[in-house]
Structures are given as structure tokens and as C-alpha cells.
Amino acid sequence: MTGAAGARTDPPPDGHLATGRELRRVFGTFATGVTVLTVGGEHPHGMTANSFASVSLDPPLVLVCVGRSTVMHACLAGASSFGVSVLAAGHAGIAQYFADSRRPVGPGEFAEIRTVPGARTGVPLIAGALAWFECESWRRYDGGDHTIVVGRLLSAVRVAAGGALLFHDGQLGTTEYEWRARG
């Protein structure tokens with residue numbers, strides 16, 4: 001049975017669990033914001049991440065999920081702090097850059113990207129982002145092929161107003177509402 005625009009209105013008859021590429025496609029139906037996760041120090045590194053969430057107000061905690069096979073996973077293992085920049089609608093190029101495994105690694109990785117050093121940690125934060133979070137690593141949890149990294153907030157700043165960059169169905173998009181600055 002189908003509903004609006006051909007969508008199913010009943011469960012598949014076999015009740016199967018999607019796997020591999022199909023599971024990735026199903027997960028992709030959940031629209032998320034887009035962030036860049038960064039570490040600083042002698043070998044700064046950044047990575048586009050959409051697995052970011054608030055966890056707690058007291059204590060103030062956030063989480064990011066990082067694939068075990070990524071460079072960022074190794075970087076976070078050796079870092080005491082990290083940053084998260086929430087990307088604005090105009091940051092699609094930045095999101096694509098930090099998702100590209102062919103980009104330079106190390107200090108050259110940020111040569112063409114405008115950043116601001118975090119006030120508390122010095123981690124590079126993306127200039128013009130909607131918000132910046134600076135975190136100290138607090139806990140790590142097994143998440144299958146990812147590690148769930150929980151950070152305790154050291155700083156949380158709303159930097160700009162405007163539309164957000166979104167990831168949905170394998171594509172980047174933006175929020176579709178007209179943004180009005182709050183007075």
C-alpha cells in the first residue's frame with residue numbers, strides 16, 4: 001500500500017533489516033545539521049560530521065560519533081580537547097572539503113579555510129559558523145564501527161544568525177525558512 005508521493009504506508013511484508021548501502025540510504029532519510037569537528041596542536045585536523053548532538057545541560061555535554069578508520073579517530077585519541085563548528089547555509093564547500101579524504105593533512109589542511117582559534121583551547125573553529133563549541137574529552141563509548149566521544153563543554157557561543165546547512169538523503173541543503181534576527 002502506498003500513500004502520498006508513492007510512500008509506503010505499511011511495513012514491508014518480510015520485515016527485513018536493511019544492511020550495508022541500503023541501511024545507509026535509510027539512515028539518510030533523517031535530516032541532520034552539518035558540523036566540522038576539529039582538533040588543534042602541532043597537527044591540526046578537521047572532519048565533516050553530522051553525528052553531533054547535545055547530551056546534557058548539567059553538566060553541559062555534547063557527543064560526536066567518529067568512525068574508527070578515520071584520521072580524526074586517531075587525532076581524538078591523542079587530544080584532550082576538540083572543537084565543533086555548526087555550519088551555516090553558505091558553507092557547503094567547507095563541508096565538502098572536510099569530507100574529502102584527498103585534502104592535505106596537518107597545518108596545510110587549514111591554509112585555504114578561514115578559522116578562528118578557540119578562546120579556551122586554541123582549536124581551529126570555522127569563521128562564519130552559526131555556533132562554536134569547545135570541549136574537553138570526557139568519556140568514550142563503543143559504537144560498533146564508530147566511537148561515541150562525549151565532550152564536556154568549555155565554551156559554547158552562538159556566532160551568527162541565519163540558515164543552517166543540512167544533510168538529507170545524501171545531499172547538502174539548507175533550512176528553507178526566512179531567518180529573522182531576534183531583538
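## The largest pocket and its lining

The lining of the largest pocket is made up of 16 nonpolar, 14 polar and seven charged residues. Here Ala, Val, Leu, Ile, Met, Phe, Trp, Tyr, Cys and Pro count as nonpolar, Asp, Glu, Lys and Arg as charged, and the others, Gly among them, as polar. This is a predicted model, in which local features need pLDDT of at least 70 and side-chain atom pairs pLDDT 80 or more, while totals for chains, interfaces and linings use all residues. Residues are numbered from 1 along each chain as its sequence is written, and side-chain values use heavy atoms, with hydrogens and water left out.

The volume of this largest pocket is about 1,400 Å³. Arg24, Asn50, Ser51, His146 and Phe167 are the closest to its centre among the 37 lining residues. Two or more lining residues come from each of helix H1 (20-27), strand S3 (45-49), strand S5 (60-67), helix H2 (71-77) and helix H3 (92-99). H1 gives the largest share of that lining, with five residues. (A pocket is an open set of points on a 1 Å grid over the protein atoms alone where a 1.4 Å probe fits, with protein on both sides within 12 Å along at least five of seven lines; lining residues have an atom within 4 Å of a point. Its volume is the space filled by probe spheres set on the points, which are joined across faces, edges and corners.)

## The fold in outline

Three helices and twelve strands make up the secondary structure of the protein (DSSP runs, H or I of at least four residues for helices and E of at least two for strands, numbered from the N terminus). Of its 183 residues, 33% are buried (under 20% relative accessible area; over 50% is exposed, in between is partly exposed; 1.4 Å probe, protein chains only). Among contacts between residues at least 6 apart in sequence, 59% join residues at least 24 apart (contact: heavy atoms within 4.5 Å).

Let's follow the strand pairs one by one. S2 runs antiparallel to S6, with four bridges between them (strands pair if DSSP finds at least two bridges). Across this pair, Thr35 stands opposite Val86 in S6. S6 also pairs with S9, again in the antiparallel sense, over six bridges, and Ser81 has Glu136 in S9 as its bridge partner. Strand S6 (residues 81-86) is mostly covered, with six of its six residues buried. Ser81, Gly83 and Ser85 point one way from S6, Phe82, Val84 and Val86 point the other way, and all are buried.

## Thr38, a buried residue in S2

Thr38 belongs to strand S2 (residues 35-39). Its relative accessible area is 0%, so Thr38 counts as buried. Beyond its neighbours within four places in sequence, Thr38 touches His45, Gly46, Met72, Phe82, Gly83, Phe110, Val123, Pro124 and Leu125. A polar atom of the Thr38 side chain lies 2.6 Å from the backbone oxygen of Pro124.

An open sheet of three strands has the order S1-S11-S12, with antiparallel pairing. Its edge strands are strand S1 (32-33) and strand S12 (171-174), each pairing on one side only. Strand S11 (residues 165-168) is linked to S12 by four bridges, antiparallel, and Leu166 has Gly173 in S12 as its bridge partner.

The loop between S11 and S12 holds Asp169. Asp169 has a phi near 55 degrees, a positive value in a residue other than glycine. With 45% relative accessibility, Asp169 is partly exposed.

## The cis bond between Asp58 and Pro59

Which peptide bond is cis here, with omega about 0 degrees? The cis bond is the one that joins Asp58 and Pro59. Asp58 lies in the loop between strand S4 (52-57) and S5, and Pro59 is placed in the loop between S4 and S5. Most peptide bonds are trans.

Asp58 is exposed, as its relative accessible area is 72%. The C-alpha atoms of Asp58 and Arg152 are 9.9 Å apart, although 94 residues separate the two along the chain.

Definitions and conventions
Polar contact = N/O pair within 3.5 Å; in protein donor to acceptor, adjacent residues only side chain to side chain.
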